[in-house]
Amino acid sequence: MMDYEVDRKTQWIADELQTLQESGLFNQIPVIESAMGGRIRIGGKELINFCANDYLGLANHPRLQQAARDAIEKYGIGPGAVRSIAGTNVLHQQLEERLASFKGADACITFQSGFTANLATIPALVGRGDVIFSDRLNHASIIDGCRLSRATIVAYEHNDVDDLQEKIRQTTEYGRRLIVTDGVFSMDGDIAPLPAIYEVANEHGIMLMVDDAHGEGVLGRNGRGIVDHFDLHGKIDVEIGTMSKAFGVVGGIVAGKRVIIDWLRQRGRPFLFSSAMTIPDTAACLEAVDLLESSGELVQALWANAKLMKAEMQKMGFDIGHSETPIIPLMLGDVKLARQFSKELLENGVFAMAIGYPTVPEGKARVRVMNTAAHSQADLEEALGTFQLVGRKLGVID
């Protein structure tokens with residue numbers, strides 16, 4: 001236990017930290033000593049990286065690097081202000097126009113992150129006296145956005161459209177209503193049944209919002225996302241996205257009907273009260289859109305790597321859940337076993353973090369394996385050998 005200096009006001013925090021350590025839930029944060037990629041360096045050791053959400057390997061792509069450098073030379077680095085006063089650079093405008101075109105939406109607005117996009121959007125659409133129907137496994141940023149709105153939150157069972165219908169029937173007092181779901185669920189890798197959810201929303205006249213953070217760059221043509229994947233263009237009111245994962249940079253996206261996007265420019269609080277995306281980030285995001293529009297090669301490589309990893313891990317006898325995407329949840333149940341598994345992987349040259357409560361439910365701990373297009377065939381083969389070695393050592397597989 002770390003020796004903290006505490007007084008009566010802060011003793012409770014030290015006690016909580018000790019409880020986390022004793023239960024195996026204290027999060028030791030790794031420090032990366034290299035550029036992001038399929039292989040990274042931690043503690044002076046080279047590791048095969050299965051932790052990053054850098055699905056397409058763009059976080060260190062030379063074209064994005066050059067775009068950022070060029071933009072710095074022309075426009076500088078910081079925006080200097082919030083978007084609504086003096087922080088909107090021509091690059092921000094270009095990025096929003098390009099993203100709207102890329103995603104086949106009426107309009108688009110960008111935020112500092114996918115998290116702030118949710119915090120901006122949900123409270124701008126609903127408030128006290130309104131109702132939100134939210135998938136029980138939605139991301140923390142959705143949950144926090146719902147809480148900030150002060151609307152009544154009605155959780156429906158995960159990806160259960162029948163339960164959503166029933167919850168709507170049972171909820172008779174409301175002003176405005178909103179259905180919100182993740183597109184790809186980041187811990188299990190499954191996909192929301194968006195066409196069926198749309199039918200429910202359309203039947204009842206309810207606004208529909210999908211958070212596609214883990215679908216951007218993964219699903220749809222050249223990574224256009226879940227709306228493109230299901231060909232629901234013009235039917236989803238609000239699509240949240242991120243440029244912090246597959247796009248390899250940072251930033252949040254809200255795409256959808258122009259009336260909603262214009263409203264967010266007036267009432268999206270992170271847009272109004274927090275400085276804009278930096279110049280190099282914005283330029284790099286623009287280059288990522290160019291790259292994806294011109295070729296689907298990286299998306300295809302991502303899926304090919306995921307197919308290989310899933311097939312081989314299942315052959316070894318691992319429980320990898322029911323993922324429909326490149327996310328592989330190696331299900332272990334006990335959080336201490338998951339942390340030990342992750343530790344053994346690290347000692348053998350593979351970086352894949354254990355995930356436990358509160359990120360996932362108690363008893364559902366896992367090692368989350370993130371495939372990317374940056375992994376070579378040799379990376380995958382070496383990593384699979386290590387997973388097998390550790391699985392056998394800890395009695396997870398025969």
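Helices here are DSSP runs of H or I, at least four residues long, and they are numbered from the N terminus. The model on your screen is predicted.

**Stop 1: the largest pocket**

Select His 139, Ala 140, Ser 186, Met 187 and Thr 359. Of the 44 residues that line the largest pocket, these lie nearest its centre. The pocket holds about 1100 Å³ of space. Now colour α4 (114-125), α5 (140-149) and β13 (365-370). These are the elements that give two or more residues to the lining of the largest pocket. Which element gives the largest share of that lining? It is α5, with 3 residues. Next, colour the lining by class.

**Stop 2**

Move on to the second largest pocket, with about 340 Å³ of space. Select Gln 28, Arg 339, Ser 342, Lys 343 and Met 353. They are the closest to the centre among the 15 residues that line this pocket. Then show helix α13, residues 335-347. This helix supplies 6 residues, the largest share of the lining of the second largest pocket. By class, that lining divides into 8 nonpolar, 4 polar and 3 charged residues.

**Stop 3: aromatic rings**

Show the aromatic side chains. There are 4 aromatic pairs to find. Begin with Phe 50 and Phe 387, whose ring centres are 6.3 Å apart. Is this pair stacked or edge-to-face? Planes over 60 degrees apart count as edge-to-face. The planes of Phe 50 and Phe 387 are at 70°, so the pair is edge-to-face.

Now trace the chain on each side of the pair. Phe 50 lies in the loop between β2 (45-49) and α2 (62-75), while Phe 387 lies in helix α14 (residues 377-393). The pair therefore ties together parts that are 337 residues apart in sequence. Phe 50 and Phe 387 are both buried. Together with Phe 50 and Phe 387, they form one aromatic cluster.

**Stop 4: a charge over a ring**

Select Arg 177 and Tyr 174. Where does the charged end of Arg 177 sit? It sits over the ring of Tyr 174, 4.0 Å from the ring's centre.

**Stop 5: Glu 287**

Find helix α11, residues 279-294, and pick out Glu 287 within it. Is Glu 287 buried or exposed? Buried means under 20% relative accessible area. Glu 287 has a value of 17%, so it is buried. Show its neighbours next. Leaving out residues up to four places away in sequence, Glu 287 touches Arg 63, Leu 64 and Ala 67.

**Stop 6: the cavities**

Finish with the cavities. How many of 30 Å³ or more does a search of the whole structure find? It finds 2.

The largest cavity has a volume of about 50 Å³. Select Arg 83, His 92, Thr 110, Phe 111, Gln 112, Phe 271, Ser 275, Ala 276 and Met 277 to see its lining. By class, this lining has 4 nonpolar, 4 polar and 1 charged residues.

The second largest cavity holds about 40 Å³ of space. Its lining is Met 36, Gly 37, Gly 38, Asn 49, Ala 52, Asp 54, Thr 372, Ala 374 and His 375. Here the classes are 3 nonpolar, 5 polar and 1 charged.

Technical notes
Residues numbered from 1 in each chain as written. Predicted model: local features only at pLDDT ≥ 70, side-chain atom pairs only at ≥ 80, totals over all residues. Heavy atoms only, no water. Buried < 20%, exposed > 50% of the residue type's maximum accessible area, 1.4 Å probe, protein only. Contact = heavy atoms within 4.5 Å. 1 Å grid on protein atoms, 1.4 Å probe; cavity = no way out; pocket = protein on both sides within 12 Å on 5 of 7 lines; lining within 4 Å. Points joined across faces, edges and corners; volume = space filled by probe spheres on them. Nonpolar A, V, L, I, M, F, W, Y, C, P; charged D, E, K, R; others polar. Phe/Tyr/Trp six-rings, centres within 6.5 Å; stacked < 30°, edge-to-face > 60°. Lys NZ or Arg CZ within 6 Å of the ring centre and 35° of its normal.
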